[in-house]
Amino acid sequence: MKKAIHFCSTIVILFVLSCAPKDDIHEVIIIGGGLMGSASAWHLSQDAEVLLLEKQDSIYDSGSSLGQARIARSSNRGSDMWSYMHNTSVGEVEKLIDFLNEKTDEGGFKMSDIYTTQPVSYLGKLTIYDKLLASLIRQEVDYKMADTPAEGKSMFDVDLPADVLLQREYNYYSGTLNPEQLINYLHEGVKLNKGQVKYNTEVKSLEKVNGLYVIELHDNSNGVSTVLKAKQVVSAAGPYTGELLGSIAPYFKDLINPQRVFLAYYKIRKSIYESMNESDLQKLKDAYPVINSSKGTRDGTFFSMIEYYEDGIPVIKVGGHFQRSDIEEMDKVWDVALDEKEKDWSFNSTMGYFNLLGLPINEEDLIYDHGYSCVYSLTDNEVPLVTPVLDPNGKEDNSMVVLGGMSGVGAKGAMTYGMLAADIINDRESRTDTMYTHARSVMGISRLVDFVK
Ligand SMILES: Cc1cc2nc3c(=O)[nH]c(=O)nc-3n(C[C@H](O)[C@H](O)[C@H](O)COP(=O)(O)OP(=O)(O)OC[C@H]3O[C@@H](n4cnc5c(N)ncnc54)[C@H](O)[C@@H]3O)c2cc1C
């Protein structure tokens with residue numbers, strides 16, 4: 001049955017293609033307007049006519065980039081790829097902000113709209129985290145580290161268990177990054193470069209016919225279907241990548257494994273929060289964002305941050321990198337409610353952290369606000385892919401680039417992943433440093449070649 005549907009849709013596409021006017025051919029189409037597609041579109045729009053297609057309305061309610069805060073961090077160690085992705089991204093955000101200020105009369109775009117500079121805290125179990133400890137010591141950002149209860153008290157005024165270390169790093173534009181705002185600014189930048197961003201536009205099928213990409217679209221706001229053509233395509237459909245590329249690059253279905261994760265949001269009771277003294281309020285603020293592995297288990301590990309303030313009260317988000325489960329139906333996963341076990345896990349993680357911090361907040365004063373499910377797109381080694389596809393003969397085809405497998409690490413480096421994608425499409429290298437070459441290589445085509453062998 002699936003084969004028959006595919007055959008019919010190919011006939012329709014071929015028919016539309018033969019009737020379509022020649023000027024309907026786009027230079028480059030980007031599919032997916034999350035962080036990765038938006039960053040790619042922005043970079044590409046500086047040299048070409050781009051069209052960015054996003055199936056959601058302009059205010060998103062799903063996707064891995066949903067929300068207002070992600071941890072952004074860098075140890076500044078030259079050999080650390082994640083630091084490189086973050087630091088390069090910060091520089092690219094600066095360029096975007098300058099561009100927006102130059103091109104608009106408003107002039108009010110600021111780095112602080114995107115980044116909230118905050119110390120980043122790490123808690124780890126000493127016995128297990130010897131390696132972590134060594135790597136933390138080698139880092140080049142300003143940091144403080146306590147690995148005894150006495151140091152915990154004197155450095156941070158916290159009750160550190162005997163076998164736990166707390167490290168806090170201080171780095172400009174490290175802390176949290178706002179994906180929602182960055183996506184908005186990127187779309188603004190694309191439009192100012194005369195590119196187009198189309199919302200409610202879902203790609204239903206993608207074929208390569210006579211050297212051109214033929215893309216069947218569905219307008220989710222009015223139900224109208226159309227077909228477009230493009231010389232080049234960037235696929236940044238997040239967890240939908242495997243499904244989207246089924247007929248062009250079917251191996252992505254196996255290369256990228258989407259898993260459900262969940263996020264829970266808590267508020268401190270208003271009366272309690274307002275009664276806290278200045279030093280406790282500052283302690284709470286300084287304690288976020290945090291990556292807390294103090295239990296020494298995958299299940300006990302969590303990340304947490306202040307996502308936003310509501311009515312003057314911080315709304316604290318908590319989630320677990322390893323709190324993953326299988327997905328039954330992708331389109332429905334975003335609506336799966338948190339179960340009681342997940343809420344308890346989030347609550348206990350947060351309360352445990354408050355106790356370690358010695359904050360005057362009791363269990364009855366920590367109130368569940370809301371929660372939702374989202375998705376990690378995982379590769380086998382959890383390193384993302386930014387790669388050309390393979391043509392039917394197994395050769396590299398730079399006319400299509402796929403960004404995928406961004407799991408829980410992509411946001412802080414989004415601008416750099418987008419730059420890599422644009423560089424592949426444009427067959428150029430924006431940078432000459434060794435980390436650029438390294439990143440391009442470890443995320444690149446050799447992983448596809450090895451996989452399809
Ligand atoms: C819970 C969680 C916590 C995270 N924490 C951090 C963190 O602290 N620090 C960090 O650096 N990173 C973090 N990340 C990772 C980061 O958020 C992701 O790497 C990033 O958001 C992935 O962006 P994306 O563009 O690849 O995917 P998405 O945001 O999912 O974008 C894909 C877009 O494509 C659209 N789309 C899909 N199919 C189609 C189609 N057929 N037609 C048109 N449009 C389509 C979707 O609607 C969506 O908007 C976290 C991720 C999650 C889920």
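Select Gly 358 to begin: in this predicted model, the residue sits just after helix 13 and takes a positive phi of about 70 degrees.

From there, step back and select residues 340–357, which make up helix 13. The helix has 18 residues and spans 26 Å between its first and last C-alpha, close to the 26 Å expected at 1.5 Å a residue. Next, colour Glu 342, Trp 345, Ser 346, Ser 349, Thr 350, Tyr 353, Leu 356 and Leu 357, the buried residues of helix 13. If you turn the view to look down the axis of helix 13, these buried residues fall within an arc of 125 degrees, and therefore they line one face of the helix. The face turned away from that buried side carries Glu 340, Lys 341 and Asp 344, which are exposed.

Now move to the ligand and display the 39 residues around it, of which Gly 32, Gly 34, Gly 238, Met 406 and Gly 410 come nearest. Colouring the shell by residue class shows 22 nonpolar, 12 polar and 5 charged residues.

Finally, colour by domain: domain 1 (2–67 + 179–256 + 381–452) and domain 2 (257–378) each contribute at least three residues to the shell around the ligand.

Technical notes: Residues are numbered from 1 along each chain as its sequence is written. This is a predicted model: local features need pLDDT of at least 70, side-chain atom pairs count only at pLDDT 80 or more; totals for chains, interfaces and linings use all residues. Helices (H or I, at least four residues) and strands (E, at least two) are DSSP runs, numbered from the N terminus. The expected span of a helix is 1.5 Å times one less than its number of residues. A residue is buried if 20 or more other C-beta atoms lie within 10 Å of its own, exposed if 12 or fewer, and partly exposed in between; C-beta atoms are placed from the backbone. The arc is that of the directions from the helix axis to the C-beta atoms. A residue is near a molecule or strand if its C-beta atom, placed from the backbone, lies within 6 Å of it. Ala, Val, Leu, Ile, Met, Phe, Trp, Tyr, Cys and Pro count as nonpolar, Asp, Glu, Lys and Arg as charged, and the others, Gly among them, as polar. Domain bounds come from an automatic or database domain assignment.
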